[in-house]
Amino acid sequence: MSGLRDILLALAALGAATAGFTALSLAMERHWEQLHGRGAPLPVRARRGLRHAGTVGLLVSLASCIALRGAAQGWVAWAGVLTLAGITLVLVLGYAPRGVARLGWGAAALALLALAAVLAPALLA
Amino acid sequence: MKEGFRQSMAWLHTWSGLLVGWILFMVFAAGTASYFRDEITLWMKPELHAAAPARVPQALAIGLAQQTLEERAGGSRRWFITMPTARNPALEASWIPAPPEGADPQARPKRREFGSATLDPATGRELGAARATRGGDFFFRLHFDLHYMSALWGRWIVGVCAMCMLVAILSGVVTHKRIFKDFFTFRPARGQRSWLDAHNASAVLALPYHLMITYTGLVTLMFMYLPSGVQAIYPDKPDAFYADLNGGPAGNAKPAPERAALAPLGPMLEQATRSWHGAPVGRITVTHPGRANATVNLVLQEGRDMTQDLPNLTFDGVTGKLLSGAGRERGGAVATRGVMYGLHVGRFADPLMRALFFLSGLAGCAMVATGLLMWAVKERPKQLKIRADGKVGFGLRLVDGLNLGGIAGLLLAMPVLFWANRLLPVGGAGRPDLEIACFFGAWAIAAVAGLAFPARPMWRLQLGLGGALFALLPVLNAATGGAGLATSLARGQWAIAGFDLVGLGLGAMLLYAALRLGPRAAVKPRLAGSAA
């Protein structure tokens, strides 16, 4: 069973990091405009919300990594997860900027499902 | 300072990166491949693809290894036994033969004199006569020893390059004034701008990795680069220092003249495992087997702790009594070095972490390659503005040629090694060296061709050829006796399937790059406004 738990935690870490980075990038005018068109205004509230969501995403990713590999190796795994998430996002923003919202929501959904599957047995028991 | 701090750092970044960039690209590429050293070795021995050896208790396997070594390597200076792991399910036994009569007994043995046997851990029989090859060890050694020169020279050269890399990383961070503003920025098909974006993204997104791998790489060889501390406390006897550091027996102890039978290794292994709360043993070193002063050193198996400084126990080889190692306390400095060493070689990594390390290593390759290319991309418009005849100076032509040979040439030579491994006749003498000669031969031809015609069609040719050779590795594997993709996936042989899939992926990327360099996709350099 620990094999399945490891896979779920890894998916949660990757999904949360990708979603978090996506939110943080959309809180920047340059990338907001890539999604919504040139000159589209970025409301202050949206920016703040995106930043909070992004921070939460990265922290959830860190927590998943630590749950996966322990307090020492978890940080090493997190650095690698952030690299993979960042490269994925940069490629999507570069070549298919309109798809970035789908990437963010998809990654967030993946992370939530994986986390739910990890936590459910503990909560139900 | 005439110029500002940032300008001088930009100068430093450019030159510390450019001058050693071609060696750094090789070090990064070969080092990244070394994360899958065992898997590469397995792929390069298709005779072993048929069946994975069964898992057996360690005590049984070590007894069989001892039996084999006593039959084949009695009177050796040392034996090494590597226990089976999930990544390498075979039992490896190797030995350093006694020095020939009259030779200096203190002389360091050469690697080619080592004997070795790959055994089935369940039966002790030699596993199907696998072809002779250096396998993944070649890339591992290449990335810090270089080749065709003494390892000492290679390590000094790589050390200087790594130090330049560290300087380039730190000065690059200072130079890059918009790290956070440009964090997610990549603007494709915009000429010079795109190269800069790609260089920044590959550097910044994996920055922790780049810093870590460069610094810890220097740490792995720190006693060679900074020997004064050891020399001050251990004058004239560095082996005693390593014995103290690693807890093993001193390497240069002379064999006792009296013979004595070696005690069975099984009980020592059981005692070691008990003291490690059931964790398995990784490597066993027997010094002077069959002599009265024989010692046996057992090290905990890798793949758990981050540190490379693994717990180990030393036993008397004749009586089987524990000599040292139990509950030894390590100081903070030793522990720090152990973790840094462990981080560099990454043997603690599970498959996910290993894949992430590999990906970060690829980002490092991309960072070095884009940095090298960017120098040429920035220099060309400057020269074209000044010179009316449309020709470029010697320096730019040289960098163009070295970029071709150093980047595209290496990416062509790496798959050539795998093709040579499968196509050269099995069983010829000096086969491993012949494989390596094919690698360097292909690289040399690519480099000469690159220096002679440093132009876009040559890039297309070399990238296309390298891409095709990489992408066809699964076909080659299936056609020359290995477990093809369908078989390996069906049997769950992930090491072999993974190699094929990574080859396919790298090949696809290189072919795409060659395609993008086609005449139609040529990007007009934006001269206006590129002064930034």
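1. Two strands are said to pair if DSSP finds at least two bridges between them. This model is predicted. In it, strand S1 (residues 78–82) of chain B pairs with S2(B) in the antiparallel sense, over 5 bridges. Within S2(B), B:Ala93 has B:Ile81 opposite.

2. S2(B) is also joined by 5 bridges to strand S3 (residues 115–119) of chain B, and these two run antiparallel. Here B:Glu92 stands opposite B:Thr118 in S3(B).

3. Which side chains of strand S2 (residues 91–96) of chain B are buried? B:Leu91, B:Ala93 and B:Trp95 are buried and point to one face.

4. The largest nonpolar core has 161 residues, and A:Ala13, A:Val81, B:Phe25 and B:Ala413 have the most contacts inside it. Helix H3 (residues 44–95) of chain A gives the most to this core, 18 residues. Domain 1 (5–45 + 147–205 + 349–521) and domain 2 (54–126 + 233–345) of chain B both give residues to the core, so it lies between them.

5. Leaving aside neighbours within four places in sequence, B:Phe25 is in contact with residues including B:Cys365, B:Val368 and B:Leu410.

6. Helix H15 (residues 431–452) of chain B has 22 residues and should span 32 Å at 1.5 Å a residue; its end C-alpha atoms are 31 Å apart, which agrees. Its buried residues fall within an arc of 130° seen down the axis, so they line one face of the helix. Among them are B:Phe439 and B:Trp443. Helix H14 (394–423) and helix H16 (456–471) of chain B are included in what covers the buried residues. The face turned away from the buried side carries the exposed residues B:Asp433 and B:Ala452.

Conventions: Residues numbered from 1 in each chain as written. Chains lettered and ligands numbered in written order. Predicted model: local features only at pLDDT ≥ 70, side-chain atom pairs only at ≥ 80, totals over all residues. Core = buried A, V, L, I, M, F, W, Y, C linked by C-beta atoms within 7 Å. Buried ≥ 20, exposed ≤ 12 C-beta atoms within 10 Å, placed from the backbone. Helix = DSSP H or I, 4+ residues; strand = E, 2+ residues; numbered from the N terminus. Domains from an automatic or database assignment. Contact = placed C-beta atoms within 7 Å. Expected span 1.5 Å × (residues − 1). Arc of directions from axis to C-beta.
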